[in-house]
Amino acid sequence: MDVVRSLGLEDVPEQQTRIGLFLSSGGELVEDVKVGFDVCVACGNSNPKIYCQACKRVKYCSDACKKKDTTPPDDDEEQALGHSSIVCTLLRTCNDDELVEGKEDKGMPEAKRTPAFDRVASEMESYPATLANIIFEGPCFQEKLQKNSGGEVEIHVIGTSPDSELWEGHPDSSQEKKVFKCYAEALSEMADRFKFESIQLKFIGPECPKIDMVDTILIPSMKNRKIKCKLNVMTKRVNYSKSLLNGKHFNCPDIVVFFNPGFTCPDYTWEEAVSAIPGGTPYLVTTNTELEGIADAQYLMENSFIAHLPEGLAHILEPDAPRTEIEDNETFFSINPFSGERVRQSGTMANDLYVKSRWILGGKLLGSESKESKTSKKRQKVTGSGNTKKNNPALI
Ligand SMILES: [Zn+2]
Ligand SMILES: [Zn+2]
């Protein structure tokens, strides 16, 4: 049985690195410092030499620091548990998963190999499963699906990267699990229900393969349909922009998908890409952690790409705020029931864990026309009401 399931974890413990402990023992959070890798996870000493012997994935400078990090905190308010036994157990699965993924699993006992194999496969298959099922079930997508039924629907996956949504090398090589075939299988229920003739699935982004991939696959139908739905896939190595959509080869999207975009990540700007999407287009964003989901939703909100925060998130951020009068079933922020079971280790905080696309948010985008008018309105309101930054702590 899979470790993640057998531990009975409802949620993967995402932020477990005890930053409080780290800072109070002299550690300094500097950009690019990898806590628990380059520096001791408990005190920030830059010469960590000892690994946790069980998982060999978290580094300490001394036995004393190791003891501190593995001992549960006495003060109840500190939620992050450090290198607890659960974190250590989950990190050990990372070792197995990496061996299976790298096809270096020779001699690995079957009892370890099989679950690792399933976890790696489940993460890969989670991309098609998430895309197809969330669009099929999410209320904000229904209008577009309905409107295009009997014809064609165009889905753009923006900011595609080759090792995630375009994965290669499924561990089950005997079954010819090719990525586009997986998308076709996952989309079969939607194709049947809406009687689509074709689904256009376009992967776009500067990290797409140098040579465009183009493929047409018949979507397996569960019903006996006379006309089988075709899945037309295409990758395009280009920045998503208005001029791309105005060009010859691209229609405007009916639905847009972003797998783990990291909108607030400083090394890439999303402004142009998101501005290019026409108003009213339903979107799906996945993120690896709840915090990243919150940051991405806030980015969309602060840049006026969405009218309000997704239902479920507004209440996390402002638990005391009154519920909106308008019943909103079009936006969502929640755990993704179609994410895989592979737990990964954060690259910057050694005790932090995540599952790819564990969180999802969605709704409808406002489009850049309403964005402009909305921003100017907002500015007026602030100056007009005399709410200077100085007086209003929320604006500082
Ligand atoms: Zn230390
Ligand atoms: Zn460990």
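How many aromatic pairs does the count come to? Start there, and go on to what surrounds the rings.

Reply: This is a predicted model, in which local features need pLDDT of at least 70 and side-chain atom pairs count only at pLDDT 80 or more, while totals for chains, interfaces and linings use all residues. Residues are numbered from 1 along each chain as its sequence is written, chains are lettered from A and ligands numbered from 1 in the order in which they are written, and side-chain values use heavy atoms, with hydrogens and water left out.

The count comes to twelve aromatic pairs. Rings of Phe, Tyr and Trp (its six-membered ring) pair if their centres lie within 6.5 Å; planes under 30 degrees apart count as stacked, over 60 as edge-to-face and the rest as tilted. One of the pairs is Y183 with F203: the ring centres are 5.4 Å apart and the planes stand at 65°, so this pair is edge-to-face. It links distant parts of the chain, since Y183 is in helix 7 and F203 in strand 4, 20 residues apart. Helices (H or I, at least four residues) and strands (E, at least two) are DSSP runs, numbered from the N terminus. Both Y183 and F203 are buried; buried means under 20% relative accessible area, exposed over 50% and partly exposed in between (1.4 Å probe, protein chains only).

Another pair is F263 with W270, where the ring centres are 5.3 Å apart and the planes are at 85°, so this pair is edge-to-face as well. F263 and W270 are both buried. They also belong to one aromatic cluster, formed by F258, F263, W270, Y299 and F305.

A nonpolar core is a set of buried Ala, Val, Leu, Ile, Met, Phe, Trp, Tyr and Cys residues joined through side-chain atoms within 4.5 Å. The largest one has 40 residues, and L131, Y183 and I199 touch the most other members. Elements giving two or more residues to this core include helix 5 (110-137), helix 7 (179-186), strand 4 (198-204) and strand 6 (230-236). Helix 5 gives the most, with seven residues. F250 has a charge over its ring: K202 lies over the face, at 5.1 Å from the ring centre. A charge sits over a ring if NZ of Lys or CZ of Arg is within 6 Å of the ring centre and within 35 degrees of the ring normal.

Elsewhere in the chain are metal sites. The zinc ion (ligand 2) is coordinated by C52 (SG), C55 (SG), H83 (NE2) and C88 (SG), at 2.1 to 2.3 Å. Donors are N, O and S atoms within 2.8 Å of the metal (3.2 Å for Na, K and Ca); water is not among the atoms, so sites may look incomplete. C55 lies in the loop between strand 1 and strand 2 and C88 in helix 4 (residues 85-101), so the pair ties together parts that are 33 residues apart in sequence. C55 is buried, with a relative accessible area of 1%, and C88 is buried at 8%.
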